[in-house]
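Take a look at the structure below. The text after it walks through a few of its packing contacts.

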Protein chains: 2
Amino acid sequence: MRIAVLGTGSVGQTIGSKLVSLGHDVKMGSRSATHEKASAWASEAGPRASLDTFAKSASFGELVFNCTYGRGSADVLTAAAPGLDGKVLIDTTNPLDFSNGFPPSLFTGGSDSLGEQAQRLLPNCKVVKALSHVTASVMVDPSSLAGGDHHALLCGNDVAAKQQVTKLLQEWFGWRSVLDLGDITASRGIESYVALWVRLMGQLGTASFNIKVVT
Amino acid sequence: MRIAVLGTGSVGQTIGSKLVSLGHDVKMGSRSATHEKASAWASEAGPRASLDTFAKSASFGELVFNCTYGRGSADVLTAAAPGLDGKVLIDTTNPLDFSNGFPPSLFTGGSDSLGEQAQRLLPNCKVVKALSHVTASVMVDPSSLAGGDHHALLCGNDVAAKQQVTKLLQEWFGWRSVLDLGDITASRGIESYVALWVRLMGQLGTASFNIKVVT
């Protein structure tokens, strides 16, 4: 499949490399068609990896991952908008505000989220919030924790898009348990958890963890 | 031990009844010394259960549970302040804002929390944020879920107070795993999780659940 990964950070690189290793054609989108980090990634990831602008990468992808940092997400999606029409966008972003140092606060407040902002900005795009609650390495290799006995959380307005993403998480990345939390407003819940995540990271001394929901 | 429980809702009643069943003397604090719900609770819970105002209940307790609803917490703690000096206060509150219906948002924003507000309001009190992330029945009976294989989260500025609360959670309520997330500012993380909790409750169709942190 042709897949676009918007963003050149650790999330974009980790997801991009995993998708290439699975045989997909992956284009990493960034501010320029010759972005240094994207070029270095594409060289290392092999012939199925390429790079281009946000807009051209989005047009290339049959499926798109938004792996930008939270503060920049709206600008990136605006730039990429024409290429995202009708497509499934997997939104991995978090609204982290580091302006007062660590631990960060969330800049979206209690009654909005980046997932909802993306869906409002792109009404013809099928936004599925997913993967944002774990560190990059866990996103693509959940079996590295507790034999995979923990949960992926997702939400979105389009049922078929959520089914596609659920299957993708299971078959491509190896997630055993995927919890659908409802429509895109549930992004508030998923993104708010990140305020706990940063505290857990501080206590555990590692970013390689996740939660299992037990009943 | 003499214990005060501030608040007459399901959390106060459930914790109060459990403490009475363990042989403690429990006074339920409310707006009046003859509060209807507190009277009904005390009648049912037996001779070790009693009721009084917030102020007199706090003075009675060697240990105090804050089980008020979030919006009312500051007023209750102000009323009870003289009786809380030097004591350990276990804060179970959540900053839930139902003004826009369900699911609620959080009224504290991303850079404050009710745990911190309580500690600022009561500088000589040892505030320990705990139990706020599970429903009342799970607070006092964690073994009802997955054989108890999940986590209690707590935080606070006073190390000895946290050790006392940890022991209490383990020995009185049966919590097997207690995670100390650091100083009272970690209340932001614990309370923010509640925005996810309400979505999980909607999806799971029950409030009887919790999270296990896996590494």
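This is a predicted model: local features need pLDDT of at least 70, side-chain atom pairs count only at pLDDT 80 or more; totals for chains, interfaces and linings use all residues.

Chain A has a mean pLDDT of 97. In that chain, 100% of the residues reach 70 or more.

Start inside chain A, with helix H5, residues 114–121. Its buried residues are A:Leu114, A:Gly115, A:Glu116, A:Ala118 and A:Gln119. These pack against four elements of chain A: helix H4 (73–84), strand S5 (88–91), strand S8 (126–130) and helix H8 (187–204).

Now follow H8(A) to the other chain. It packs against H8(B), which also spans residues 187–204. The axes lie 7 Å apart, at an angle of about 150°. Angles over 145 degrees count as roughly antiparallel, so H8(A) and H8(B) are roughly antiparallel to each other. Their crossing is left-handed.

Which residues of H8(A) and H8(B) meet? From H8(A) come A:Arg188, A:Gly189, A:Ile190, A:Ser192, A:Tyr193, A:Ala195, A:Leu196 and A:Arg199. From H8(B) come B:Arg188, B:Gly189, B:Ile190, B:Ser192, B:Tyr193, B:Ala195, B:Leu196 and B:Arg199. By class, this contact has 8 nonpolar, 4 polar and 4 charged residues.

Stay with helix H8 of chain B, where B:Ser187 lies. Is B:Ser187 buried or exposed? Buried means under 20% relative accessible area. B:Ser187 has 0% relative accessibility, so it counts as buried. Leaving out residues up to four places away in sequence, B:Ser187 touches B:Ser113, B:Gly115, B:Glu116, B:Lys129, B:Cys155 and B:Ser192. One of these, B:Ser192, is also among the H8(B) residues that meet H8(A).

Methods. Residues are numbered from 1 along each chain as its sequence is written. Chains are lettered from A and ligands numbered from 1 in the order in which they are written. Side-chain values use heavy atoms; hydrogens and water are left out. pLDDT is the predictor's confidence in each residue, from 0 to 100. Buried means under 20% relative accessible area, exposed over 50%, partly exposed in between (1.4 Å probe, protein chains only). Helices (H or I, at least four residues) and strands (E, at least two) are DSSP runs, numbered from the N terminus. Contact means heavy atoms within 4.5 Å. Axes are lines fitted to C-alpha atoms, for helices over the stretch in contact, and angles run from 0 to 180 degrees between N-to-C directions. Angles under 35 degrees count as roughly parallel, over 145 as roughly antiparallel, 65 to 115 as roughly perpendicular and the rest as oblique. A crossing is left-handed if the near helix is turned anticlockwise from the far one by less than a right angle, and right-handed if clockwise. Ala, Val, Leu, Ile, Met, Phe, Trp, Tyr, Cys and Pro count as nonpolar, Asp, Glu, Lys and Arg as charged, and the others, Gly among them, as polar.
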